[in-house]
Amino acid sequence: MNQQNERKGTGRWTTTGMRALLMIAPAAAALWAAGCQKSSASPGGLGPRDVADAVYTVLAADRETYTADVVNRLQNQDKVIKASEHWKDEKLLPLPAQMFRLGAERARSKTKRFSYSLLSQWPINRQNAPHTDAEKAGLKAVIEQPEQPYYTEETLGGSKYLTAVYADKAVSQACVECHNNHSDSPRCDFKLKDVMGGVVVRVAL
Amino acid sequence: MLRLLSWFRAAPERLVFVACAVVPLLLFGAFHVAGNRTPFVPGSTSSGHHQIESQCASCHTPFAGATVQSCLDCHAESLKARNDSHASSKFDDPGKADQLALIDARDCRTCHREHRPEARERGSVSVPAGFCMTCHTQIAEERPSHRGFAPDGCAVAGCHNYHDNRALYEDLLRKHASDPDMAANPRVPLRTPHGAKPTVPRATPDRERGERDEATWATAVAEWRASAHGRAQVSCAACHAPGSAAGDAFVAQVADSVCASCHEGERAGFVAGKHGMRGATGLPPMRPTLARAAMTTQALTSDPPLGCTSCHGAHAFDVRRAAVDACEGCHADEHTQAYRTSAHAAAWRAEVAGRAPPGSGVSCATCHLPRIPTGARAADGHALVQVQHNQNGNLRPTSRMAREVCQPCHGLRFTLNALADPAQNGSNFAVSSRPAPHQIGMDLIQRGEGRREPAK
C-alpha cells in the first residue's frame, strides 16, 4: 500500500513537472529566439538605434564636408565652378542634397539592410515629402525638438524596420537662398539654421 | 520493332497518344535547329523588338522567364545617358512600398509588356496613359496651371516624358523661351578626321591574290584612292587580310568586325540600333524583307543583308551617299519620300554643291545619325565629333532630337512644336508655315504659371 502510494505520489510529481516544463519551454524558446534575432540584426554588436545613429553620423559628416570643402570653396571662395540642380546637363557640381540622394540610391543598390533618404514638409520635388505615418510624425517631432532624434518601428511592404528621423538644418546660406528663390519651393522664408527637413534612416529588423 | 508494332496493335489509341506527344517535339526541334522560332512566338512584339523576337534568349532566361536584367542588358546604358527621370533606383526606398504595390516602377515589365499587342497603347507602352496619377495624385492642387488638364495628358501632351526630360525641363524651357526660330549662324558640328591607324600600313595598293579582272581592279583602286581610306593609306590588306602579315588568304567579303577594329564607336552604335541589333543577338543581319517599315520595291527585290558597306559602299566609302542616297534606297515611307522637296534637302544640296558652308545642310543622317561631340580633343586641340550610328537613339520621344539635332539651328520653342506636329513630321518639315503650338510647356512658363502653390 505504501509502495503504491509512493508510486502514485511519484507519478503526480512527474506529471506536474512535465506540465511545468511544457509551460515554461515555449516561453524559454521565445526568449532564446528573441535573443538570437536581436544579436543577428545588430551588426558588430550594435542595436538598430545605434546602427541608425552611426549611419546618420557618417552621412552628416560627408554632406557637411561636401558642402563646405567642395561646393562652398569652389563656388563661393575660388569661384571656379558652381553647383547646379542641372549639374549633369550644365557640367557643374551636384547640389549637396543631390549628392546625398545619389549616395542613397547607390547604397540601396548594394544592401537592403539599411536605407536613408532626405525628406521635407516643404520639398521642391513633391515626391520628397513624407509619405508614411512614421515619416510624417518624425518630421513633425524633429521640427519641434531638433536636437532629439525620433525613433519608431514600422512595417513596410511586409518588412519591419526601425525608422529614425534626424533634423536637417540649413547649414549654409546657399541652402536658404536656393530654396527661398526656387520656383517650385512651397516655402520662401527659410533662415540659416532653420530645420528644412529630416534625414530618415531605416534599419531592417 | 515487332514488339513495338504489336504493342500499338494491342491498343491503337496508344499510337494517337504517342503521335500527339512526339510530333510537336519533332517540329519544335526542327524549327530550333533551323534557327526559326517565329511559329512559337506567342503574340507579336513591339516595333523595337520584332526583329529579334525569334531569338527568345535575348530576353528569356531558361526557367526564369523574361527578367528585368534582360531589359537592362540592352537599355541600361541608354537610360543612364538620358539621365533617366524615373530610374528604378529612385523607387528602392522602403517608404515607397505602398506606391509600389499599386504600380511597381522598379520593374520595366510593369509598363512594357511584350507578346501582348492588345495591351500596347503607345508604341511599346502597355499601361493606360493616366498611370502618372498613381503617384502624382496632387499635381492639380500644387500647380494651378494644371487644373482641368486631362489625367492622361502627362504622357501624351508632349510636355513630359517618363524617362527622358532633357529637352523638356522647366529651367531649360525658361532659358530658351525667347530663342528665334532660326539661329543666326545655323551649323551642325563638322565630322572630325578619324585618328585610328590600322596595323598593316602600306603605301600603295597591292594586287592581292584572288581573281580580279582589270576593270574591277581599276575601279576599286580609283575609288579607294579618292576615299578617306586612301588618303589615310589604309591598305587593301588592312580590310581584306586583317591583322596579318603577307601570306594570309585574301577575304573578298569583309566582315563588319573588321570595320570595327578602327571604327569601334560607330559599330557599337550600329548594333545598338535597328539597323544592326539582329547581329548583336547572334541572328543573321537585317534585310529589307524583315522590316515592318515601308521599303522600296528595289530593296525588297534584292533584299541585301545590312552592314557597313550597305550604306557606305565598298572602297569609295562615300559618306555623302550614306547620308541620303543609301537611306532612300531602302526606305519608302512618307517622311523619306517627302525629303527631296523639303527646305532641309535644299540646304543639303547647296552644301554639297559648295554654295553653302559645311555643316549648313541637313541630310537624313544629320537628324537620324547625328554628329555628337565626344568631349575629347585631338592632339591639335580641336574637339572630336563622332557620328552616332544608332539611328534609333533619338527617335522616341521625338523631343530627344531637340537637343542633339535641332538646337544648333533652331530655337527650342520652334523645335518642340515642330517635332510634336504630325503634319510637319509626315511632310519632312516641308510645311512652310510656322509650326502650330503643340507643346504648351513653354507657354505656361512664359505666363509664369509654373510656380507651385505655397504650402498650406
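So, about 2,300 Å² gets buried between chain B and chain A, and carbon and sulfur atoms give 38% of that. Keep in mind that this is a predicted model. The contact takes 29 residues from chain B and 29 residues from chain A.

What holds charges together across the two chains? I count six salt bridges between chain B and chain A. One to click on is R143(B) with D184(A), where the side chains meet at 3.1 Å, N to O. There are also 14 residue pairs in polar contact between chain B and chain A, with both partners at pLDDT 80 or more. On the chain B side of this contact, the elements that give two or more residues are α4 (97-102) and α7 (170-175). And if you sort the chain B residues that touch chain A by type, you get six nonpolar, seven polar and 16 charged.

Let me zoom in on one residue from the other chain. E105(A) sits in helix α4 of chain A, residues 96-110. Is E105(A) buried or exposed? Its relative accessible area is 16%, and the cut-off for buried is under 20%, so E105(A) counts as buried. Leaving aside residues up to four places away in sequence, E105(A) touches S89(B) and K90(B). With S89(B) there's a polar contact, side chain to side chain, at 3.0 Å.

Okay, now the nonpolar cores. The largest one has 17 residues, and the members touching the most other members are L173(B), M401(B), A402(B), L412(B) and L416(B). Four helices of chain B each supply at least two residues of this core: α7, α21 (400-406), α22 (412-420) and α24 (441-446). Which helix gives the most? That's α21(B), with four residues.

Chain A has six helices and four strands, and from the N terminus on they go α-α-α-α-β-α-β-β-α-β. Of its 205 residues, 37% count as buried. Take the chain A contacts between residues at least 6 apart in sequence: 54% of those join residues at least 24 apart.

Last stop, a few loop residues. K193(A) is not a glycine, yet it has a positive phi of about 75°. K193(A) lies in the loop between α6 (173-181) and β4 (195-204) of chain A, and at 56% relative accessibility it counts as exposed. Over in chain B, N83(B) also has a positive phi, near 55°, in a residue other than glycine. You'll find N83(B) in the loop between α3 (68-81) and α4 of chain B, and it's partly exposed, with a relative accessible area of 40%.

Then there's P62(B), in the loop between β1 (60-61) and β2 (65-66) of chain B. P62(B) counts as exposed, at 63% relative accessibility.

Key: Residues are numbered from 1 along each chain as its sequence is written. Chains are lettered from A and ligands numbered from 1 in the order in which they are written. This is a predicted model: local features need pLDDT of at least 70, side-chain atom pairs count only at pLDDT 80 or more; totals for chains, interfaces and linings use all residues. Side-chain values use heavy atoms; hydrogens and water are left out. Contact means heavy atoms within 4.5 Å. Buried area is the accessible area (1.4 Å probe) that two parts lose on being put together, summed over both. A salt bridge is a side-chain nitrogen of Lys or Arg within 4 Å of a carboxyl oxygen of Asp or Glu. A polar contact is a pair of N or O atoms within 3.5 Å; within protein, one must be able to donate a hydrogen and the other to accept it, and residues adjacent in sequence count only if both atoms are side-chain atoms. Ala, Val, Leu, Ile, Met, Phe, Trp, Tyr, Cys and Pro count as nonpolar, Asp, Glu, Lys and Arg as charged, and the others, Gly among them, as polar. Buried means under 20% relative accessible area, exposed over 50%, partly exposed in between (1.4 Å probe, protein chains only). A nonpolar core is a set of buried Ala, Val, Leu, Ile, Met, Phe, Trp, Tyr and Cys residues joined through side-chain atoms within 4.5 Å.
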